[in-house]
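Please read it alongside the model.

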Amino acid sequence: MLTAVVSALAGMVWGIQMSASQNHLLSPAHGHLNLLGWVSCSIYAFYYHLLPAAAKGKLPRLHLGTALLALVLLVPGIPLAIQDRGEVLAQAGSAAALLSMLIFTVVVVRHRPQKAEFKAAQKKGKRPHKGRQGRSQGTFRSLRRRQTPVA
């Protein structure tokens, strides 16, 4: 989460600087800093906080390392590519970002609810999700029935 917050602050300062100077040439790099740094890293932090079991082991550490590597390579790599000073850094950062998301996908797939647990909850008449985590399909069906047609 610290990476996300620092990225947000840096992105805001950079955006204000671009606005003040009226030079928006590097706005793609600013956008990637906000997207990969603030948004993606925030989502990762919340996911690992909500599912602590998913944060254990080597794979989440590898995920963090590749996410940070992508950020460190891509954000300075984009300005270099825009200024025709080489695309290698941006390309390496893009590859690291893709690898980071692939690793995160594996983590998410490994820690999703098991079908057997879900079906057992349905057979007992219990909602598969409790509390603030979501609503069951039955709730959404009842909401759809209550909607009035638009004239």
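1. Helix α1 crosses α2 in a left-handed manner (the near helix is turned anticlockwise from the far one by less than a right angle). Their axes come within 8 Å and cross at roughly 155°; α1 is therefore roughly antiparallel to α2 (an angle over 145 degrees). Axes are lines fitted to C-alpha atoms over the stretch in contact, with angles from 0 to 180 degrees between N-to-C directions. Helices are DSSP runs of H or I of at least four residues, numbered from the N terminus.

2. The model is predicted: local features need pLDDT of at least 70 and side-chain atom pairs pLDDT 80 or more, whereas totals for chains, interfaces and linings use all residues. Residues are numbered from 1 along each chain, and side-chain values use heavy atoms, without hydrogens and water.

3. Helices α3 (residues 58-82) and α4 (residues 88-110) have axes that come within 7 Å and cross at roughly 155°. The two are therefore roughly antiparallel to each other. In their contact, 21 residues are nonpolar, six polar and one charged (Asp, Glu, Lys and Arg count as charged; Ala, Val, Leu, Ile, Met, Phe, Trp, Tyr, Cys and Pro as nonpolar; the others, Gly among them, as polar). The crossing of α3 and α4 is left-handed.

4. A nonpolar surface patch of about 1100 Å² includes M1, W38, I43 and F46 (residues with over 30% relative accessible area and no salt bridge, nonpolar side chains joined within 5 Å; Shrake-Rupley areas, 1.4 Å probe; a salt bridge is a Lys or Arg side-chain nitrogen within 4 Å of an Asp or Glu carboxyl oxygen). α1 (2-21) and α2 (27-50) are the elements giving two or more residues. The largest share, six residues, comes from α2, the helix in which I43 is found.

Technical notes. Parallel < 35°, antiparallel > 145°, perpendicular 65-115°, else oblique. Patch = residues over 30% accessible without salt bridge, like charges linked within 9 Å, V, L, I, M, F, W, Y side chains within 5 Å.
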